[in-house]
Amino acid sequence: MSTQLWINRFQASTRLNHEMQLPAAPCALPHHIREPLARSIATFQLGESGGGTRLRRYTRSIATLENLRGYQRAVDLFVAEEQSHAALLARTVVHLRGTLLTKQWTNSIFRWMRDLVNLEFNIQVLLTAELIAEVYFGLLALRCTDPVVQTVARKLLRDEMGHLAFQRDFLFERLKTLTPATQCLWRWQFKAIHFATAMVVAWDHRHCLRTLDITPADFRARATRSWQSFQSRLERRLLEAEIQTRERYSRGVQASSSGG
Ligand SMILES: [Fe+2]
Ligand SMILES: [Fe+2]
């Protein structure tokens, strides 16, 4: 895994987020749009504001693996970038004259789920959040007319797409060591977690989605497409790695039989 690439990328992106200038004009959205939008963004803000304690603990547990050298440093910077998202979203909530949250029920469920099984499971729940965030910020960037929301959503969308690529790199390293049956099991549980999360988020944010002219069913369909795209790219890499391993093995067999 090329962790140095990610380290550089997270550092540069976090700096940009901290320095980002937002349009100064006050929010001109009518109350019936501004209010649900502010509430919804405040929920995502709370989700982004975690300190990454569980993720760091997990990282420490696998840091000794040869193919994940440098991963710990990359994760620290990844967490710092997520915190810069929380800061940007907090500025957006203030712009929308909304209230920042310290507790919210979907966020509490999410945190509870992350502790449910083990640290490895924790990263799947986190990945699900990244996939949902990609859809959510994509919709805000496309459909919200407020310039501050658009500016922040575009940047966060770009960052979350990077996070998905980072997670894919990591999962590729982890999953290629598993048997095909365990990989299959992993895929089904990931799909189930993602499906359940998309259902809850679509329902919880339904008022905001309505202001963007999106139904909960549309949101779930978009979330499913995002999951499929992520999963098919991951599986393509695993298949390519499997083919390469087989080719190396058969070349080794040929070499040893001609040598013998
Ligand atoms: Fe984020
Ligand atoms: Fe993220």
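Buried means under 20% relative accessible area. By that cut-off, the buried residues of helix H2 include Arg-34, Leu-37, Phe-44 and Glu-48. The model is predicted. Two iron ions, ligand 1 and ligand 2, lie 3.3 Å apart in it, and Glu-82 coordinates both. A search of the whole structure finds zero disulfides, and the count of salt bridges comes to six.

- Glu-82 lies in helix H4 and Glu-160 in helix H7, so the pair ties together parts that are 78 residues apart in sequence.
- Glu-160 counts as buried because its relative accessibility is 1%.

**Iron ion (ligand 2)**
- Glu-82 (OE), Glu-130 (OE), Glu-160 (OE) and His-163 (ND1) are the protein donors here, at 1.9 to 2.2 Å from the ion.
- Their spacing along the chain is E-x47-E-x29-E-x2-H.
- Glu-82 in helix H4 (residues 71-95) and His-163 in helix H7 (residues 147-175) are 81 residues apart, so this pair links distant parts of the chain.
- The four donor atoms subtend angles of 78 to 156 degrees around the iron ion (ligand 2), which makes the arrangement irregular.
- For comparison, the ideal angle for four tetrahedral donors is 109.5 degrees.
- Glu-82 is buried at 11% relative accessibility, and His-163 is buried at 0%.

**Helix H2**
- Helix H2 covers residues 31-48, which is 18 residues.
- At 1.5 Å a residue, H2 should span 26 Å. Its end C-alpha atoms are 25 Å apart, which agrees.
- Further buried residues of H2 include Pro-36, Ala-38, Ser-40, Ile-41, Ala-42, Thr-43, Gln-45 and Leu-46.

**Salt bridges**
- Side chains of opposite charge can pair when their charged atoms come close.
- Glu-35 forms a salt bridge with Arg-39, with the closest N and O atoms 2.9 Å apart.
- Both residues lie in helix H2, four residues apart, about one turn of the helix.
- Glu-35 is partly exposed at 33% relative accessible area, and Arg-39 is partly exposed at 43%.
- Arg-246 and Glu-242 form a salt bridge, with the closest N and O atoms 3.1 Å apart.
- Being four residues apart in helix H10, Arg-246 and Glu-242 are separated by about one helical turn.
- Arg-246 counts as exposed at 56%, whereas Glu-242 is partly exposed at 37%.
- Lys-176 forms a salt bridge with Glu-173, with the closest N and O atoms 3.2 Å apart.
- Lys-176 is partly exposed at 40% relative accessibility, whereas Glu-173 is buried at 8%.

**Cysteines**
- The whole structure has zero disulfides.
- Cys-27 is in no disulfide, and the nearest cysteine sulfur, that of Cys-144, is 7.7 Å away. The cut-off for a disulfide is 2.5 Å.
- Cys-27 counts as buried at 8% relative accessibility, whereas Cys-184 is partly exposed at 30%.

**Gln-231**
- Gln-231 lies in helix H10 (residues 216-259).
- Gln-231 is buried, with a relative accessible area of 5%.
- Leaving aside neighbours within four places in sequence, Gln-231 is in contact with Trp-186, Arg-187 and Phe-190.

Note on methods: Residues are numbered from 1 along each chain as its sequence is written. Chains are lettered from A and ligands numbered from 1 in the order in which they are written. This is a predicted model: local features need pLDDT of at least 70, side-chain atom pairs count only at pLDDT 80 or more; totals for chains, interfaces and linings use all residues. Side-chain values use heavy atoms; hydrogens and water are left out. Buried means under 20% relative accessible area, exposed over 50%, partly exposed in between (1.4 Å probe, protein chains only). Donors are N, O and S atoms within 2.8 Å of the metal (3.2 Å for Na, K and Ca); water is not among the atoms, so sites may look incomplete. Four donors count as tetrahedral if all angles lie between 85 and 135 degrees; four count as square planar and six as octahedral if opposite donors are over 155 degrees apart and all others between 65 and 115; anything else is irregular. Helices (H or I, at least four residues) and strands (E, at least two) are DSSP runs, numbered from the N terminus. The expected span of a helix is 1.5 Å times one less than its number of residues. Contact means heavy atoms within 4.5 Å. A salt bridge is a side-chain nitrogen of Lys or Arg within 4 Å of a carboxyl oxygen of Asp or Glu.
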